[in-house]
Amino acid sequence: MELLFGVSNFGKIRNAQIVMGGLTLFVGDNNSGKTFLMQLLYGLVRDLGKLKVTSEGVRELTEDGLEYGSEWSARLEGQINQYLAKNKKRIVRSVFHREIPIERIYFRFVDLGETYLCRFKDYEYEKTDGKESGVVERARGRRVTVSVTDGADGREKRLFVSRFGYYPNMYELKTSMAQRVWKKILWGSVVNDDALFLPASRTGLQLLGKYFFAERDRLLFENDILDFGDEDAGGKDIEDGVEENELGLTSPVYDFLQFLLRYNPRSEYLPGDRGLIRFMEENLIDGKLKQMGEETFYRPSHSRREVPLYLASSLVNELAPMIKVLTGRREYKYIFYDEIETCLHPLKQGEMARLIIRLANSGRHMVVSTHSDTMASKLNNLLLLSFSEDSKENRESKLGRLWLDEEDLLTDEKVHVYQFVNHSDGSSEVQELEFQKAPYVGYDFKLFMKNLDELYEETDIILE
């Protein structure tokens, strides 16, 4: 199941329908709304992650089973759309800290063929009375096993197990499991995962982040924002101060600065991320990062010397936040990665394209943008190879000749590509590009091809 978010007349964007699955790619001209829409999607995902969802439409199978199927999904979709209609202005203001015209935000489930089944089983456990005596007694709880069935083939796949340290009634089970199933649909996990926006100006924000927070604190005190709204003293409520956005940042960018400030490395990397970190160290930054207190250091390969990050190359500075995502203690299921080609040589852009595919294969929802024809072409080539109908032997031969690995092939066909087009009246429109199999060219990036054709024509004129 994928999630579709649509907007109408949002700022300069006339219409857009964006499906977020494994990999979502934005391409297009400057000032066409890619970053604008990406930041709104970031805010929507985080906002809906806090929504208390309905349990209406849940079907009781037996005394020990519940079904969250098409009826519940339809009720949930309706609840979300009512919520968005009522809160669209608040959500936009919370993201951008200013009033931006928006006619409509809407939501749809894509491929509603999935059904979530919850099966209950009683169990006993030991608990203490919580007093000094520490008396242990037997207590009864409930364990819920959640699985999903695909309407297309009827296969059932186990997802997760939830334990209740008490004996909930059916209403409590319905509401509690509705929330957990929704989190699984939205985040891909029932634990407290999050989203992170990586802005295009990553290097500058890293270098000036500490100074920004020092300036923020100065402004807060100078403007009495911490005076908790004492009108007689000329104070101002904290929330009003945030709403007025005196520091000139959107919430996604501010959250990125908070991510850098609060970064804390893991003692042990997650098994799936270890290979991603190694890939970045060997293929992209040609070295390692090390956190020492509040400062990050870079050590190039074949060198024992460590230098502060601000003295390292722009490439290393641009990619450092992604390494911190993989090595930090907090997990991010949604990564909004703006202008992924920034500061990358064309050869490194090819390696970055491989990393994006690998990140999507790791279970993260990747929403990325690019202005680069090289990056777009490399991603297209990887997707062509991923979705080809070659024999195993032929595919392995191509991988070897291209110096690629199986990990560079997208394992899930949930990929959506959108082209942002500017119009002469100052508005823009978002068009989804289809993967073309006849002829087998993948995604046809007409805007990039137009630019290349113009360059060839310019060369011909010069050489006449």
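Student: Which residues of α10 are buried?
Tutor: The buried residues of α10 are Met375, Ala376, Leu379, Asn380, Leu382, Leu383, Leu384, Leu385 and Ser386, where buried means under 20% relative accessible area, exposed means over 50% and partly exposed is in between, with a 1.4 Å probe and protein chains only. Helices here are DSSP runs of H or I with at least four residues, strands are runs of E with at least two, and both are numbered from the N terminus. Please keep in mind that this is a predicted model, in which local features need pLDDT of at least 70 and side-chain atom pairs count only at pLDDT 80 or more, while totals for chains, interfaces and linings use all residues. Residues are numbered from 1 along each chain as its sequence is written, and side-chain values use heavy atoms, with hydrogens and water left out.

Student: And what is at the start of α10?
Tutor: There, a side-chain oxygen of Ser372 reaches to within 3.2 Å of the backbone nitrogen of Thr374.

Student: What about α3, which residue caps its N-terminal end?
Tutor: Asn169 does, with a side-chain oxygen 3.2 Å from the backbone nitrogen of Tyr171, and after the helix comes Gly188, whose phi is positive, near 85°. Among the buried residues of α3 are Leu173, Met177, Trp182 and Trp187.

Student: Switching topic, how do α7 and α9 run relative to each other, parallel or antiparallel?
Tutor: Their axes, which are lines fitted to C-alpha atoms over the stretch in contact, with angles from 0 to 180 degrees between N-to-C directions, come within 11 Å and cross at roughly 180°. The two helices are therefore roughly antiparallel, a label for angles over 145 degrees, whereas under 35 is roughly parallel, 65 to 115 roughly perpendicular and the rest oblique.

Student: Which residues meet there?
Tutor: From α7, Leu276, Phe279, Met280 and Asn283 meet Lys348, Glu351, Arg354, Leu355, Arg358 and Leu359 of α9, contact meaning heavy atoms within 4.5 Å.

Student: Is Thr115 buried or exposed?
Tutor: Thr115, found in strand β7 (residues 114–128), is buried, with a relative accessible area of 17%. Leaving aside neighbours within four places in sequence, Thr115 is in contact with Glu67, Tyr68, Gly69, Ser147, Val148 and Thr149.

Student: Last one, where is Glu406?
Tutor: Glu406 is in the loop between α11 (392–401) and β16 (415–422), and at 44% relative accessibility Glu406 counts as partly exposed. Not counting residues up to four places away in sequence, Glu406 touches Arg395, Glu396 and Leu399.

Technical notes:
A polar contact is a pair of N or O atoms within 3.5 Å; within protein, one must be able to donate a hydrogen and the other to accept it, and residues adjacent in sequence count only if both atoms are side-chain atoms.
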